[in-house]
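User: I would like to learn how to read the features of a protein model, one at a time. Could you take me through this one?

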Amino acid sequence: MKRIGVITSGGDAPGMNAAIRAVVRTARMRGIDVIGFYHGYSGIIDNEIVELTYKDVGGIMERGGTILRSSRCEEFKTTHGRELAMKNLRENGIDALVVIGGEGSLTGAMLLEEEFNLPVVGIPATIDNDINATDMCIGVDTCLNTVVEATQKLKDTASSHERAFIVEVMGRKSGYIALMSGIAIGAEAVVIPEVPVDYGALADRILEARKRGKINCIIMVAEGAASAYTVARHLEHRIGYETRITILGHIQRGGSPTAFDRILASRMGYEAVSALLSGKHNIMIGLQRGKMAHVPLEEALSKKKPLDMSYYEMSLLLS
Ligand code: F6P
């Protein structure tokens, strides 16, 4: 193996740069060239390449976003698009590809291996933490810290005005971000796609808390469950006091990665190149019980990561 390619693809996640750095440095220290393609799969199709040296990735670990930029590429979902991409990968002498991204991006990697026998390794990076067979994806920890920091501020003003705040967070079809940030913030309730919402019970819960003397009320809502506006509409007339809505949006995807994400990304980038060098591919690097794991891409993509519902039960007791 002489030359590997690397892309970041799909929604960006804090820590992607640390993963790029680890891929580049691990490869270069072992005498392998690294070519980055800008804008994920669309940059492979358009041949937007950059050679990455040891020095090029200095000082990027602490930066949010991705120096290789990212995109969601519709063309790559077609056979023709993948053929164009493969032609450029061949012409650039790419022997293997490391794909850093979420479910859609890892699916693209698997197709390249299955259709063209290109060795690929995936690194799970998405704030949604919805990828099977890895305890954590790169970016999740930073995202949770961002949500907690922002919501803590909302709690201050919620207390002053004795209001209920409905806070909508990302996560696509997963309630992970809402549930975990809800636990960390002491939210009154979380509304997640994994549990059908009962607005009557939710309102009772809020009123009970008010009776106990709680002067603020935070409801974390996962975007995949309902919109914050819908939740507010259902609650306001039931609870009889003021609600306010905050949609945190893309702030959740930005920012300097936490130490946890930097270390996770470094481990996964290092492991991805090490796996390729030992002849392993068509895999995703996962974190399982604290250790790096080689998960067949097919297994990683066979189903969505189920949410551990014991956290939900716990959140009901603690809030
Ligand atoms: O997958 C990451 C994510 O941030 C989801 O949580 C969210 O639904 C989606 O991407 C937003 O995508 P876009 O950046 O294209 O608006």
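This is a predicted model: local features need pLDDT of at least 70, side-chain atom pairs count only at pLDDT 80 or more; totals for chains, interfaces and linings use all residues.

User: How many residues of H1 are buried, and what follows for the helix?

Analyst: A residue counts as buried when its relative accessible area is under 20%. In H1, 11 of the 14 residues are buried, so the helix is largely enclosed by the rest of the structure.

User: What span should H1 have, and what span does it have?

Analyst: The helix covers residues 16-29, and at 1.5 Å a residue its 14 residues should span 20 Å. Its end C-alpha atoms are 20 Å apart, which agrees.

User: How far does H5 reach from its first C-alpha to its last?

Analyst: H5 has 22 residues and reaches 31 Å, close to the expected 32 Å.

User: Where does Glu162 lie, and is it buried or exposed, or in between?

Analyst: Glu162 lies in the loop between H5 and S6. It counts as partly exposed, because its relative accessibility is 40%. Its phi is positive although Glu162 is not a glycine.

Asn129 is another residue other than glycine with a positive phi, near 50°. Asn129 is placed in the loop between S5 and H5. At 2% relative accessibility, Asn129 counts as buried.

User: Next, salt bridges. What is the general idea?

Analyst: Side chains of opposite charge can pair when their charged atoms come close. The cut-off here is a side-chain nitrogen of Lys or Arg within 4 Å of a carboxyl oxygen of Asp or Glu.

User: How many salt bridges does this rule give?

Analyst: The count comes to 15 salt bridges. One of them joins the side chains of Asp130 and Lys304, at 3.2 Å from N to O. This pair links distant parts of the chain, 174 residues apart. Asp130 sits in the loop between strand S5 and helix H5, and Lys304 in the loop between helix H10 and H11.

User: Where do Glu149 and Lys153 lie?

Analyst: First the general idea. An α-helix has 3.6 residues a turn, so residues three or four places apart point the same way.

Here, Glu149 and Lys153 both lie in helix H5, four residues apart, about one turn of the helix. Their side chains meet in a salt bridge of 3.7 Å, N to O. Both residues are exposed.

User: What forms a salt bridge with Glu242?

Analyst: The partner is Arg163, and the closest N and O atoms are 3.0 Å apart. This pair also links distant parts of the chain, 79 residues apart. Glu242 is in the loop between helix H8 and strand S9, while Arg163 is in the loop between H5 and strand S6. Glu242 is partly exposed, with a relative accessible area of 39%, and Arg163 counts as buried at 13%.

Salt bridges can also share partners, and in this way Arg28, Asp33 and Glu51 are joined into one network.

User: How far from an oxygen atom of the ligand are the polar side-chain atoms of Arg72 and Asp128?

Analyst: For Arg72 the distance is 2.9 Å, and for Asp128 it is 2.6 Å. An N or O atom in the side chain of His250 is 3.0 Å from an oxygen atom of the ligand. The protein covers 74% of the 400 Å² of accessible area that the ligand has on its own.

User: Last, the surface. Which residues form a nonpolar patch there?

Analyst: The patch is made of Tyr311, Met314, Leu317 and Leu318, with about 440 Å² of accessible area together. Met314 counts as partly exposed, because its relative accessibility is 33%.

Definitions and conventions
Residues are numbered from 1 along each chain as its sequence is written. Side-chain values use heavy atoms; hydrogens and water are left out. Patches are made of residues with over 30% relative accessible area and no salt bridge: like charges are joined within 9 Å, nonpolar side chains (Val, Leu, Ile, Met, Phe, Trp, Tyr) within 5 Å. Accessible areas come from the Shrake-Rupley method with a 1.4 Å probe; for residues, only the protein chains shown count as cover. Buried means under 20% relative accessible area, exposed over 50%, partly exposed in between (1.4 Å probe, protein chains only). A polar contact is a pair of N or O atoms within 3.5 Å; within protein, one must be able to donate a hydrogen and the other to accept it, and residues adjacent in sequence count only if both atoms are side-chain atoms. Helices (H or I, at least four residues) and strands (E, at least two) are DSSP runs, numbered from the N terminus. The expected span of a helix is 1.5 Å times one less than its number of residues.
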